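Have the structure open as you read.

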Amino acid sequence: MNTYPWLTTIALLPLVGSVIVALSPKHNEKLAKSVALVFSVVTLGAVISMALNFEANSQEVFQFAESYTWIPAFGINFSLGVDGIALVLIALAATLVPVVILGGWNEALDSQGSVKGYFALILVLESLMIGVFAATDVFLFYVFFEAMLIPVYFMIGRYGGPQRSYAAVKFLIYSLVGGLFMLAAVIGLYVVSAQITGTGTFDFTALVGLDIDPDIQKLLFLGFFFAFAIKAPLWPFHTWLPDAAGQAQPGTSVLLIGVLDKVGTFGMIRYCLEIFPAASTFYAPVVIAIALIGIFYGGFVALKQTDMRRLFAYSSMSHFGFIALGIFVFTSVGQSGSVIYMVAHGLSTAGLFIAAGYLMSRRGGSAQLSSFGGVNKVAPVLAGFFLIAALSSLALPGMISFIGEFMVLLGAFQQYMWVGAIATLGIVLTAAYVLRVYQKSMTGPLNPECEGMKDLNGREITALVPIAALILVLGVFPAPLLNVINPAVDRLMTTVGVTDPEVTYPILSVPASSEGGSE
Amino acid sequence: MNTFTAPEIDYVAIAPILIVAIAALLSVLTETFLPRSVRRTVQIILTFISLIGAFVVLVINRDIRTITGGGAVAIDGPALVLMGAILVLSLLSAFLIAERSLDSLGDSFAPSAAALPGSVDEREYSARGYFQTEIWTLFLFAVLGMLAFVVSNDLLIMFVALEVMSLPLYLMVGMARRRRLLSQEAALKYFVLGAFSSAFFIFGAGLVYGFAGSISLPEIHDALASTTGETLLIVIGMAMLLVGLLFKVGAVPFHQWTPDVYQGAPTPITAFMGATVKVAAFGAMMRLLYVAFSGIQWDWEIILWVVSILSMIVGSLIALTQSDIKRMLAYSAIAQSGFILVGVVAASPSGISAVIFYLIAYGLVTVGTLAVISMVRDSTGEATHLSKWAGLGKKSPMLGAVMAIFMLSLAGIPLTSGFVIKFSVFAAGIAEGDTWLVIMAVVASIIAAFFYVRVIVVMFFSPPNENTASVAVPSIFTTITVAATVTATMVLGIIPQPMIDLLTNAGIFIR
């Protein structure tokens, strides 16, 4: 047991960095960017050293737990702690931030806002993202959840494309409405805890143990789920995402879709499932239906997009369908698969958007598919990275997303065969739109306007190498991830009170913890 | 013949009230004897010294718990905190009243309230650059009435305090420099309806006396405790007393005056009464109900349940449709009265501290919001129509940010005081088993959030147009008020525990 406040340190580091970046001299943009990069790398280093101290099979629910009284009158504490799922997502966030800073080095140049402001906002956002995954107090989680809106709003609204105001406002309003319902449910949860125990509490661990009346559970579940479904976003709460992604800088989109939207799915698995087990099983069929619709709706709409960024947004919506599906089929394979899928999607989204950003910077900011063609002839390295990210997005075996998607589908088959069968068809759709993007932009005859396009420089390659490496390495050897995720999922299944169904048809043994050795 | 013995009076305990009373009288003398040129300076100094002095004495007196003046005045924990709240909120409002930089014509008040609107006299006074300073005298008397209101321990003192508080307010409402007809109409409505509700109060007091044989709150309680017979008379009397008080806080169905008065009154006066009258009236209401009528709690609980739900729902729904920001705030004030009543109904120590916290934090936000409104102007004076706020946040980001914080606080969003106070009253309500009332309150909060957020949306997300108002540069007075209220709103939202502890230690109303 170590007592060093790891999580507070990790959450504060980027915040300190953002203050320094914001205070840096106005005209020395390079200095501001370098400071931001250094802080994000140091944060990543801290996250890695914390992860090395993580004990996968610990008996504790949350490790590195810290708690400070905040408003004792309402039972609110500043409590942080991580289980395997949160740890993996924090690591994802900490990995993507330096990548985004490096990849988006020149992003904010011709925007309305200042360059250092953009990088300061990225660091603020990182701080809040770590906080939201690490919070073990429901109220604290809510505060982080809502506070994240502020930096993202400014990142879209000040640094985005021509329609940025509209996109930022739409994003804000959708999120605020979801947040209001969640706030009502958070208060309701306190009320329920006060009625059951006599003193109200927001402590996650205490709330999990409560025996809440199923009817009340259903109401409160809806409050939380609504906010998460907007954040994730699931069909039909998704319309803000394509607008936001289509207007935001690619770096903003990476953080928005790659990490921020994971808060929605993370919220479902952590809060909806564990605190409201009865309601979760009650609503599971509905959520599964929504997820299936999302898989196909997102896929079909993606097929028709002409703007790469909007296309990736719709494809993400389809992927979020898979993630939600894995969570709500209530099998351990499906849920572990969902978490892997979250990581995989974060990495491939980062690869795609950053590559798209490189393409845009070479074509005067256009992300239209028609602006490109035959790029692999002039910029083979760029095309190569794009291909890796794209193949990861369609879950090619050997890539990490294959593991996630395979496990989700396996979990679905175990529980409801037909759901699994239908979802599997989504893979075909994914392949279709991903390959279409690659074909239209990278292959074929060279678009005359792409003539003389420069290939990637050292900085740009450095940003993409870690992404590609992680996609491939974890795709072949996912054990480090599964080792920390599986115990958390097992505990979760026990809390929810469900067990894996008896499998009545022959399947291969689960490629889960059985394979992986100890770390 | 009975010999009359003068009651013992603990002058130290009531010193804060006496200070304000003396200042009010000196203020009358100032108006009478000092030349016009020095009146304003003297009045301002007098007001500020007396309010600050009273507050300092209050802090020194913080451990005093006594009933004095022959049982007519109760100084207890809640009374001290409420008096403190009234003094602080009055002080912050006084800054707004003293403001002279915002309006090109001078301050917010008619140079001579007696001159007919649009008459030659009025133009004459205006042209000569006259300013009236009677507003300060009225202000001090109103503060005096409020202070007496929250400590009054018998029905007669309570009625006198109610009138001392109300009469100056009626006048102050009618004194706007611009849009005088609107202002005078508001004053008349407020006066007529206010007088009517006062009549209810005094009639109720008569009925209660008929039952209990006393006007002293503790003795009414004893009479109720020892009675075995019919209580209908006292229930009716109590209900009529409540009508008088509910009118003052603008609870539905006694709310009709609120929008007109909020809109018509000079903005500094709207801020003053919007914040402090609620403190005084809810303070008096709690004392009345908890000290005198705890024996018939079932009867008043059901009345307040209904009034609370009606206020929250009606206030929130009508506010949604408002296009004038002051009228919107008026309906918001009606809804907020409903939220406060949730805490009053709880009738527990935690309920008392929750209500007082609510009154303080809400009062601060109200003063701050109206201070911001007083800065937003166009050529015709204050621009209160929401369409003129379009894009204001882009034109002046600081003002927009401050207003946004106030709106988020009114909507009850975490990290602002608005969340903490709503949460406190809801928690108190739940603890006393008023679950359904709290559920209604949460629903109403969600509805209410929309119109508060709409102001933010209009300010930041609508493009500025040629109608967009501009922001006048205030003097140090308004700046102090805005800075203080916005700071308090944030601090009470992020670290509310010290305030909660203070109010919990203040304890309950003594009998």
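The second largest cavity is lined by residues of chain B, among them B:Leu96, B:Glu99, B:Asp103, B:Ser108, B:Arg377 and B:Thr478. Here a cavity is a set of points on a 1 Å grid over the protein atoms alone where a 1.4 Å probe fits but cannot get out, and lining residues have an atom within 4 Å of a point. By class, this lining has 3 nonpolar, 4 polar and 5 charged residues. Nonpolar covers Ala, Val, Leu, Ile, Met, Phe, Trp, Tyr, Cys and Pro; charged covers Asp, Glu, Lys and Arg; the others, Gly among them, are polar.

A word on the source: this is a predicted model, where local features need pLDDT of at least 70 and side-chain atom pairs count only at pLDDT 80 or more, while totals for chains, interfaces and linings use all residues. Residues are numbered from 1 along each chain as its sequence is written, chains are lettered from A in the order in which they are written, and side-chain values use heavy atoms, without hydrogens and water.

Residues close to the centre of the largest cavity come from chains A and B, including A:Leu183, A:Ile187 and B:Val442. Its lining divides into 10 nonpolar, 2 polar and 1 charged. A pocket, by contrast, is an open set of points with protein on both sides within 12 Å along at least five of seven lines. The table gives volumes, meaning the space filled by probe spheres set on the points, which are joined across faces, edges and corners.

| Space | Volume |
|---|---|
| Largest pocket | about 1300 Å³ |
| Largest cavity | about 120 Å³ |
| Second largest cavity | about 80 Å³ |

Which helix gives the most to the lining of the largest pocket? It is α7(A), with 7 residues. Helices are DSSP runs (H or I, at least four residues), numbered from the N terminus.

Helix α7 of chain A also packs against α5 of chain A: their axes come within 11 Å and cross at roughly 170 degrees. Axes are lines fitted to C-alpha atoms over the stretch in contact, with angles from 0 to 180 degrees between N-to-C directions. The two helices are therefore roughly antiparallel, a label for angles over 145 degrees. In contact (heavy atoms within 4.5 Å), A:Phe141 and A:Phe145 are among the α5(A) residues, and A:Leu176 and A:Met182 are among those of α7(A).

Methods
Parallel < 35°, antiparallel > 145°, perpendicular 65-115°, else oblique.
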